[in-house]
Amino acid sequence: MSAAEGPLVVGVDTSTQSTKALVVDAATGQVVASGQAPHTVSSGAGRESDPRQWWDALGEALHQCGDAAREAAAVSIGGQQHGLVTLDAQGDPVRPALLWNDVRSAPQARRLIDELGGPKTWAERTGSVPSASFTVTKWAWLAEHEPEATRAAKAVRLPHDYLTERLTGEGTTDRGDASGTGWWASGTEAYDEEILARVGLDPALLPRVVRPGEVAGTVRDVHGLPFSKGTLVAAGTGDNAAAALGLGLRPGVPVMSLGTSGTVYAVSRHRAADPTGTVAGFADARGDWLPLACTLNCTLAVDRVAALLGLDREAVEPGTDVTLLPYLDGERTPNLPHSSGLLTGLRHDTTAGQLLQAAYDGAVHSLLGALDLVLDADADPSAPLLLIGGGARGAAWQQTVRRLSGRPVQIPEARELVALGAAAQAAGLLTGEDAAAVARRWNTAAGPVLEAVERDEETLNRITGVLSDAAPLLERDADSR
């Protein structure tokens with residue numbers, strides 16, 4: 001292990017598929033050790049995981065980090081947003097967690113929107129119009145389908161909250177992750193008691209919202225991890241807010257993240273309230289806002305199409321009029337929770353590589369359609385689009401985003417930005433710095449820039465037209481099939 005210039009910190013990313021841990025030098029941002037361990041996610045109608053797997057995976061990831069993890073002076077957890085974790089009086093899961101990409105609560109989302117006065121009321125009150133991804137809809141679904149589970153719940157947490165609480169023994173969250181629940185009011189920055197009462201959730205079951213820069217607690221005695229008792233624990237945050245910290249993001253700089261889900265977002269000084277529901281008016285982890293649009297189908301969906309075609313994911317071919325909407329898990333942007341993939345324009349001379357390119361185009365189209373809504377009106381339209389996430393390393397993803405956006409595209413060299421953002425948050429506890437300023441000092445956003453090319457309006461317009469024409473088919477819910 002290289003000699004560190006400053007104290008060591010640990011940043012964690014507990015994502016849908018795995019938990020990653022980085023041990024980072026707080027002075028330089030150098031990653032001195034890392035580890036990763038997988039989770040399992042259920043298949044079928046729902047998407048669920050056992051939270052105890054996340055804890056076991058955290059232990060394994062830290063074990064892989066070796067002695068460096070034992071020297072850490074502070075730790076922070078970044079985690080997948082929206083997941084519903086229900087705990088009993090002993091702190092054990094009542095049932096598996098309902099994950100962000102579980103869309104079974106779409107009927108409850110529609111009902112809650114209507115009951116509280118419509119989309120505009122929700123947007124003004126919470127910053128967002130709840131979709132099936134939001135935690136409030138999942139609690140409503142659970143209360144309707146498994147009332148014994150809601151009665152047994154003595155604490156309700158988000159995924160990152162669960163791990164933080166197991167470290168500290170204290171039930172805490174942060175404004176960034178709380179803003180994705182649907183029961184946190186962005187105007188007052190407090191839990192909305194009327195919404196909680198409507199879904200039958202006692203506010204006493206919810207965690208305390210820790211302020212930016214505040215210590216959430218310290219590592220307690222009984223944990224089985226390589227941390228010393230008394231190690232500082234930061235508030236942690238949701239994965240997108242953590243990645244924004246990891247980039248040291250300034251207002252107006254656009255980000256596209258390509259992972260299991262796809263997201264576009266930017267830091268803003270202004271609280272968003274989009275009544276169409278396309279943009280979620282999330283808070284960031286610092287005190288600003290993080291307007292964001294999210295798709296359910298991104299790298300995993302495109303990889304599935306490649307596998308069905310028997311192709312490597314890079315084996316794309318240009319020159320086609322075929323359109324493929326890769327909505328394999330339903331979709332959130334556009335809001336079509338019960339939709340499935342749609343293919344049109346197939347010809348005798350269509351190749352497998354062209355079909356694969358159409359899948360990339362369909363996935364990126366959904367994200368770019370929301371980008372202008374995410375950015376403030378005075379944002380620089382020529383500013384490079386920061387491309388992050390697992391897909392950002394793929395040439396096919398890079399060139400598709402470049403061609404369809406018409407923007408320069410910058411690919412930060414830093415990996416694991418969620419975990420790096422969490423590490424910056426932990427470092428800020430030690431130095432008293434703003435976490436984003438820590439990341440800028442670490443120069444995490446540095447990376448090559450691909451020059452802008454002419455925007456492919458023809459492809460964008462064709463996909464938009466197909467989506468419009470197919471809307472009646474795609475909007476059918478599960479009961480009508």
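This briefing walks through a few helices, loops and individual residues of the structure above. The model is predicted.

**Helix H1**

- Helix H1 runs over residues 51-65, and its 15 residues should span 21 Å at 1.5 Å a residue; the end C-alpha atoms are 22 Å apart, which agrees.
- Several residues of H1 are buried, namely Pro51, Trp54, Trp55, Ala57, Leu58, Ala61, Leu62 and Cys65. They cover an arc of only 165° around the axis, so they sit on the same side of H1.
- Asp56 and His63, in contrast, are exposed on the other side of the helix.
- The N-terminal end of H1 is capped by aspartate 50, with a side-chain oxygen 2.9 Å from the backbone nitrogen of arginine 52.
- Just after H1 comes glycine 66, whose phi is positive, at about 70°.

**Where H10 meets H14**

- Helix H10 covers residues 239-247 and helix H14 covers residues 417-431; their axes come within 7 Å and cross at roughly 70°. The two helices are therefore roughly perpendicular to each other.
- On the H10 side, the residues that take part are Asp239, Ala242, Ala243, Leu245, Gly246 and Leu247. They meet Leu417, Val418, Leu420, Gly421, Ala422 and Gln425 of H14.
- Glutamine 425, in helix H14, is worth a look of its own. Its relative accessibility is 10%, so glutamine 425 counts as buried.
- Leaving out residues up to four places away in sequence, glutamine 425 touches Leu245 as well as Ser76, Ala234, Ala235, Gly236, Thr237, Ala285 and Ala435.

**Arginine 407, a buried residue in a loop**

- Arginine 407 is placed in the loop between helix H13 (395-405) and strand S23 (409-410).
- Is arginine 407 buried or exposed? With a relative accessibility of 7%, arginine 407 counts as buried, because the cut-off for buried is under 20%.
- A polar atom of the arginine 407 side chain lies 2.7 Å from the backbone oxygen of alanine 383.
- Neighbours within four places in sequence aside, the contacts of arginine 407 include Ala383 together with Asp380, Pro381, Ser382 and Leu385. Pro254, Leu371, Leu375, Arg402 and Ala452 are also in contact with arginine 407.
- Glycine 213 is 194 residues from arginine 407 along the chain, and the C-alpha atoms of the two are separated by 34 Å.

**Backbone angles to look for**

- As background, most residues other than glycine have a negative phi, and most peptide bonds are trans.
- Histidine 82 is not a glycine, yet it has a positive phi of about 75°. Histidine 82 is in the loop between strand S5 (74-79) and strand S6 (85-87), and at 3% relative accessibility it counts as buried.
- Glutamate 189 also has a positive phi, near 50°, in a residue other than glycine. Its loop joins strand S10 (184-185) and strand S11 (190-191), and glutamate 189 is partly exposed, with a relative accessible area of 39%.
- Which peptide bond is cis, with omega near 5°? The bond from threonine 333 to proline 334 is. Proline 334 lies in the loop between strand S20 (323-325) and strand S21 (342-344).

Note on methods
Residues are numbered from 1 along each chain as its sequence is written. This is a predicted model: local features need pLDDT of at least 70, side-chain atom pairs count only at pLDDT 80 or more; totals for chains, interfaces and linings use all residues. Side-chain values use heavy atoms; hydrogens and water are left out. Helices (H or I, at least four residues) and strands (E, at least two) are DSSP runs, numbered from the N terminus. The expected span of a helix is 1.5 Å times one less than its number of residues. Buried means under 20% relative accessible area, exposed over 50%, partly exposed in between (1.4 Å probe, protein chains only). The arc is that of the directions from the helix axis to the C-beta atoms. A polar contact is a pair of N or O atoms within 3.5 Å; within protein, one must be able to donate a hydrogen and the other to accept it, and residues adjacent in sequence count only if both atoms are side-chain atoms. Axes are lines fitted to C-alpha atoms, for helices over the stretch in contact, and angles run from 0 to 180 degrees between N-to-C directions. Angles under 35 degrees count as roughly parallel, over 145 as roughly antiparallel, 65 to 115 as roughly perpendicular and the rest as oblique. Contact means heavy atoms within 4.5 Å.
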